[in-house]
Amino acid sequence: MKGLVLDNLRRDQLTDAISKGRRLDGRGMSEYRKLEIRPGIIPKAEGSARVKLGDTEVMAGVKIEHGKPFPDTPDQGVLIINAEVLPLASEYAEPGPPDEDAIELARVVDRGIRESKMVDVNKLVIVPGKEVYLMYVDISVISTGGNLFDASSYAVVAALINTKFKILKQEENGSVTPTGETSELPIVDLPVSITAVKIKKGIILDPDVEEESINDGRLTVAYDQEGNLCAIQKGQASGLKVEEIMEMVKMGKEKVPEIREMIRGALEKNG
Amino acid sequence: MMNLIDEGGKRLDGRSFDQLRPFSMQAGLLKSASGSAYIEQGGNKILVGVYGPRDSRSRYGTNQDKAVLRCRYHMLPFSTEERKSPQPSRREIEISKVIRDALEPALLLEEFPRSVIDIYIEVLQSDGGSRGASITAASIALADAGIPMKDLVSAVAVGKVNGHLVLDLSDTEDKEGEVDLPIAVMLNSGLITLMQMDGKLSEDEFRQAIDLAMGGAKELREAQRKALVQKYFKEVDS
Amino acid sequence: MEDDKAGRYVLPGDFLGSGEYKSWANAIKIGDKFYATRVGVLEMGEDRIRVIPMSGPYIPKLGDVVIGKVIEVMPVAWTLDINSFFNAFLPAQHAFRSFDPERDELSNKFKLGDLILASIAKVERGRDSMLSLDGEGLGKIEEGEVFRISQVKVPRLIGKKGSMVQKIEELTGAQIFVGQNGIIVAKGPPESITKVKRAIEIVETMAHMSGLTDKMEDLLR
């Protein structure tokens, strides 16, 4: 996918500001852009959320189905996360099957959710070894304004917490039918993804599309409620020093409580 | 047959026969697109982005004399009751084509030779009549992109449920009713640019159904105009 | 003639008037009736009728001065993004005194991402246009802050014989390059740049307002 060629005047201004500990849009080095989370915007989906992070806009929807568990986890529900960058999301996006960037996006978000054990999949079993709930989570990127990883992760987290699904049971004849009751998902953690990039010698969180286009290394870390690191993805074809990585992790960890509160707040207000 | 009309002559959602579902339209909300629009009509929530005219040489399909119009109608996986696979279905491919054919007659594509105009339609949530709502919204997005056009295209479905002709079918009316007849029209010239039908109508009923659709299209056209006025001339009025 | 309709805001498909107009723009004639084809403002003269569009792509015209961004460096020319639906070529001989492809390396002159003030030297329907640097002040823009404005509002930003842009330069103390393609670069101290940004926003949102040049001073305060 071809992308933005930033003009050199702007690039120089950006790198100059960052070397002085400032950002051109006035944000602090650790400051996120305005984050808006609107859960439940697609009533037909069991769970949904639309997230705006600056100019980045992402939707996530959850559909709950039932089917056979994976053979190696017969007593667990199944979580499947897909991502698509919609062709209207930017002038560089094209219609077609997900490209490597979209697949990376889905897998990075997936690992943060899965490894934090956010959803207790042991409780999503209808008949052990035979019938379990399948959680399909689809990420649709509406506008690529930088930092898709975090925006997508927040959308998925919010959509999962927003989810209400029909409880199913197996009849004696083997068919699976609704009991008539609904339930929320068994949510036991609230992971927060934080993305940092290095530009020259400066490190910033939540890069916008211009900052992203000139970054010298990217690190996305998911943190669970205990403050543990539960998933990491280093991005961009460049090297990061150990000290730089530790600095990114530290900045991220300090940011997590604020973002977690914003996600909780948005869900309570709308929920 | 399912009972879709009550004794008082009202439909399941309380509408009269010639009444549209609640709708709202907005122009120009995507920052990076040349033009965009959003429509809600009944349970439909549809976002349209137009990119172009842009160079067609790095993309397939070039016409020396005019712009090539491309259209993709796509439903998000969570837009339906049952999850929809992200791969384009045969239904989506056909709808993409008929929407393109419904919009192209309105456009003056010869102003942009060797270029391409892409219309991306994303159904965030689907309900009955999503192709009509898509056309109505795409027309706003094309005007927002500054693509010259003879007229806006407005579209709505009419149908027959329990023997009555009704305007703007809901999902249930579409599935349980006898006839679905989506129509798109350029109202200035009266030219119909999309017409499809499933089901049986007599010649008289067919004629009446078209008139019913025209009435609905007029109302939708007013809303299309309002959405554009709201974006371009809002500060003029206030 | 229906002059009372002039100055009115119109949308595609709107009836503009009927009569014996000799020329028309952004309008179509059906029978003896005229309809708008774009969102814009209606202008009617004795024998002409036209809609000044409020949206749409930049279409290069011979002699336009534009600001382009180098997006590709080729062996004998640069490709520039000129914010239009086709790119534009700047042949190397415009930048080197006597260009020799064996000796001269194009990226020594203009690199990927550089902004170039250039004029449109050749336009062919449906093809990339050619750029030239022949003209006063044309060439690479070495410093400044980049802004964008909808290209249809550029004439308003420039004003009659450059009156608006001169006024803004006067009021802000910045030096301003305006490309006909909607790209603007402003040079000056930070407080000037902040004012320029505001001035561009004013033109973008109030382009329809009459006497805007005179009002700019008050609006910038």
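Biologist: Let's start with contacts in chain B: what share of those with a separation of 6 or more joins residues 24 or more positions apart?

Modeller: Good place to begin! This is a predicted model, and in chain B 67% of the contacts with a separation of 6 or more are between residues 24 or more positions apart.

Biologist: How many helices and strands does chain B have, and what pattern do they follow?

Modeller: Count 5 helices and 9 strands in chain B.

Biologist: Which radius of gyration does chain B have, and what would a compact globule have?

Modeller: The idea is to compare the chain with a rule for its length. For 238 residues, a compact globule would have a radius of gyration near 18 Å, and chain B agrees because its own value is 18 Å. Along the principal axes, the C-alpha trace of chain B spans about 60 × 45 × 35 Å.

Biologist: How far apart are the mean positions of the positive and negative charges in chain B?

Modeller: Average each kind separately, then compare. Chain B has 31 positive and 36 negative charges, and their mean positions lie 7 Å apart.

Biologist: And which domains make up the division of chain C?

Modeller: Chain C is divided into domain 1 (3-53), domain 2 (65-140) and domain 3 (145-220). Taken over C-alpha atoms, the centres of domain 1 and domain 3 of chain C are 29 Å apart.

Key:
Residues numbered from 1 in each chain as written. Chains lettered and ligands numbered in written order. Predicted model: local features only at pLDDT ≥ 70, side-chain atom pairs only at ≥ 80, totals over all residues. Heavy atoms only, no water. Domains from an automatic or database assignment. Helix = DSSP H or I, 4+ residues; strand = E, 2+ residues; numbered from the N terminus. Rg over C-alpha atoms; globule rule 2.2 N^0.38 Å. Contact = heavy atoms within 4.5 Å. Lys, Arg positive; Asp, Glu negative; His and termini not counted. Charge placed at Lys NZ, Arg CZ, Asp CG, Glu CD.
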